[in-house]
Amino acid sequence: LAYDPARATATSLAAIIVTASAAAASHALLDNVRWSEALLIGIPAMIGVTAGVALKNRLSSRALTLGFAAFLVVVAGRIALGGEARGLEDPGAGEFALIALLGITAGVVAGLFGVGGGTVFVPALVFLGLGQLEAEATSLAAIVPVSILGTWRQARAGVVAWRDAAVIGIVSTLSAAPGALVADAAPERALQLGFAGLLVFTAYTLFRRARGPE
């Protein structure tokens, strides 16, 4: 829509509130959401999104965007390779600190780029031992409060296009339930490859954004 990066990021975050809420509710009805893990990683992310919004105007957006795009490609490659998830059994203080750090990182990503913390949440939740389906469903639940907080911070700066965010968010709810049903029925491997492809596409979009004006 030819938005500048700040307005695009803020409006995206606002739309994600509606999209993620509808999709998380659909997955919850299918019993795919792990609520304790959503809280475990989502609460630290609320700290991260505040930091991400604050940092966005103080860092080189081009270098940051290119770096994150490269990170997504690496994560996509790791997910595409597959492998069985190894959960953390009886995590100690060190593991909880790592989980909190992953949550904060996901929040920073959401605040900086408006792409949703799922790009970090899902791989982190797989690391915690969730299958791809549960990781995606739980990520949706975790990102709702993060997006609300991030949008509130962005709204104070007056960069949220509320009408467009509402239209995108409301229309997206029409496909949320069918998407959850397809994910619930799909093989684990198909979800892994599909999510890896989504990460590569997101990286490509960010790369194109980085080639524009600073």
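A search of the whole structure, which is a predicted model, finds zero aromatic pairs. Two aromatic rings do have an arginine placed over them: Tyr-3 has Arg-7 over its face, and Trp-152 has the charged end of Arg-156 over its ring. The helix packing described below involves α5 with α6, α1 with α7, and α6 with α8.

**Arginines over rings**

- Arg-7 lies 5.7 Å from the centre of the Tyr-3 ring.
- For Arg-156, the charged end is 5.0 Å from the centre of the Trp-152 ring.

**Helices α1 and α7**

- Helix α1 covers residues 5-29 and helix α7 covers residues 162-185; their axes come within 7 Å and cross at roughly 25 degrees.
- An angle under 35 degrees counts as roughly parallel, and α1 and α7 are therefore roughly parallel to each other.
- The crossing of α1 and α7 is right-handed.
- On the α1 side, the contact is made by Thr-11, Ala-14, Ala-15, Val-18, Thr-19, Ala-22, Ala-23, Ser-26 and His-27.
- On the α7 side, the contact residues include Trp-162, Asp-164, Ile-168, Gly-169, Ile-170, Ser-172 and Thr-173, and also Ala-165, Ala-176, Ala-177, Ala-180 and Ala-183.
- Sorted by class, the contact of α1 with α7 has 13 nonpolar, seven polar and one charged residues.

**Helices α5 and α6**

- The axes of helix α5 (residues 118-127) and helix α6 (residues 132-156) come within 8 Å, with a crossing angle of roughly 135 degrees.
- α5 and α6 are therefore oblique to each other.
- The crossing in which α5 passes α6 is right-handed.
- From α5, Gly-118, Phe-121, Val-122, Leu-125 and Val-126 take part in the contact.
- From α6, the contact residues are Gln-132, Ala-135, Glu-136, Thr-138, Ser-139, Ala-142 and Ile-143.
- The contact of α5 with α6 has seven nonpolar, four polar and one charged residues.

**Helices α6 and α8**

- α6 also packs with helix α8 (residues 188-210), at an angle of about 50 degrees and with the axes 9 Å apart.
- That angle makes α6 oblique to α8.
- Gln-132, Leu-133 and Glu-136 of α6 meet Glu-188, Leu-191, Gln-192 and Phe-195 of α8.
- The residues of the contact of α6 with α8 divide into three nonpolar, two polar and two charged.
- Gln-132 and Glu-136 of α6 are in the contact with α5 and in the contact with α8.

Definitions and conventions
Residues are numbered from 1 along each chain as its sequence is written. This is a predicted model: local features need pLDDT of at least 70, side-chain atom pairs count only at pLDDT 80 or more; totals for chains, interfaces and linings use all residues. Side-chain values use heavy atoms; hydrogens and water are left out. Rings of Phe, Tyr and Trp (its six-membered ring) pair if their centres lie within 6.5 Å; planes under 30 degrees apart count as stacked, over 60 as edge-to-face and the rest as tilted. A charge sits over a ring if NZ of Lys or CZ of Arg is within 6 Å of the ring centre and within 35 degrees of the ring normal. Axes are lines fitted to C-alpha atoms, for helices over the stretch in contact, and angles run from 0 to 180 degrees between N-to-C directions. Helices (H or I, at least four residues) and strands (E, at least two) are DSSP runs, numbered from the N terminus. Angles under 35 degrees count as roughly parallel, over 145 as roughly antiparallel, 65 to 115 as roughly perpendicular and the rest as oblique. A crossing is left-handed if the near helix is turned anticlockwise from the far one by less than a right angle, and right-handed if clockwise. Contact means heavy atoms within 4.5 Å. Ala, Val, Leu, Ile, Met, Phe, Trp, Tyr, Cys and Pro count as nonpolar, Asp, Glu, Lys and Arg as charged, and the others, Gly among them, as polar.
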